[in-house]
Amino acid sequence: MVEYRIDRRSGVSTYLQIVQQTRQALRLGLLEPGDKLPTAREVVEATAINPNTVLKAYRELEREGLVEARRGLGTFVRRTLGSAAAESPLRGELADWAARARRTGLEKDDVAALFHAVLEEQFGAGHTGRSHAQGTEGDSV
């Protein structure tokens with residue numbers, strides 16, 4: 001099950017952080033079709049946010065066709081995103097690179113900026129592999 005982490009200093013709205021973290025879990029294969037998302041009550045207890053914020057995020061995910069609400073049962077994953085498995089060898093290489101960047105004194109925002117700049121060079125500004133409505137991926141799940 002996904003555990004949401006809310007960064008109140010990120011400048012990203014709380015509901016959008018939930019949407020982004022769910023998308024990331026789907027992309028990494030941490031959530032699969034049929035998996036149940038935490039209830040709004042569970043998310044509220046873990047994060048101390050308003051229940052309506054959780055429901056707004058879940059409605060957005062449902063609108064995108066990623067999850068479906070089943071009355072009285074909960075919210076369930078309908079489909080996954082991408083194929084970047086959490087166990088991919090590339091993840092290990094990226095983790096090693098991030099550790100080296102940290103040892104050289106780079107801050108998290110510096111590393112993110114550098115990584116996104118390289119992504120743009122490699123994939124181009126017009127190729128993100130997702131629709132414009134999806135936004136950017138979250139930091140943690």
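Biologist: With which residue does the side chain of R70 meet in a salt bridge?

Modeller: The general idea comes first: side chains of opposite charge can pair when their charged atoms come close. A salt bridge is defined as a side-chain nitrogen of Lys or Arg within 4 Å of a carboxyl oxygen of Asp or Glu. In this structure, the side chain of R70 meets that of E68, at 3.2 Å from N to O. Please note that this is a predicted model, in which local features need pLDDT of at least 70 and side-chain atom pairs count only at pLDDT 80 or more, while totals for chains, interfaces and linings use all residues. Residues are numbered from 1 along each chain as its sequence is written, and side-chain values use heavy atoms, with hydrogens and water left out.

Biologist: Are R70 and E68 buried, exposed or partly exposed?

Modeller: Buried means under 20% relative accessible area, exposed means over 50%, and partly exposed lies in between, with a 1.4 Å probe and protein chains only. R70 counts as partly exposed because its relative accessibility is 32%, and E68 counts as partly exposed at 29%. Across the protein, buried residues make up 28% of the 141 residues.

Biologist: How many salt bridges does the structure hold?

Modeller: The structure holds three. Another of them joins E64 and R23, whose closest N and O atoms are 2.7 Å apart. This pair links distant parts of the chain, 41 residues apart: E64 lies in the loop between α3 (51–63) and β1 (67–70), and R23 in helix α1 (residues 14–27). E64 is buried, with a relative accessible area of 16%, and R23 is buried, with 1%.

Biologist: Which residue pairs with R63?

Modeller: The side chain of R63 forms a salt bridge with that of E60, at 2.7 Å from N to O. An α-helix has 3.6 residues a turn, so residues three or four places apart point the same way. R63 and E60 both lie in helix α3, three residues apart, which is about one turn of the helix. R63 is exposed at 56% relative accessible area, whereas E60 counts as buried at 18%.

Biologist: Which pattern does the protein follow along the sequence?

Modeller: Helices (H or I, at least four residues) and strands (E, at least two) are DSSP runs, numbered from the N terminus. The protein has five helices and two strands, in the pattern α-α-α-β-β-α-α.

Biologist: Which residue has a positive phi although it is not a glycine?

Modeller: That residue is A48, whose phi is about 60 degrees. A48 lies in the loop between α2 (40–47) and α3. It is exposed, with a relative accessible area of 62%.

Biologist: How much space lies in the second largest pocket?

Modeller: Rolling a probe the size of a water molecule over the atoms shows where empty space is left. On a 1 Å grid over the protein atoms alone, a cavity is a set of points where a 1.4 Å probe fits but cannot get out, and a pocket is an open set with protein on both sides within 12 Å along at least five of seven lines; lining residues have an atom within 4 Å of a point. Grid points are joined across faces, edges and corners, and the volume is the space filled by probe spheres set on the points. For the second largest pocket, this space is about 260 Å³. The lining of this pocket has 16 residues, of which L55, Y58, A69, G74 and T75 lie nearest the centre. The elements giving two or more residues to the lining are α3, β1 and β2 (74–77). The element that gives the most is α3, with four residues.
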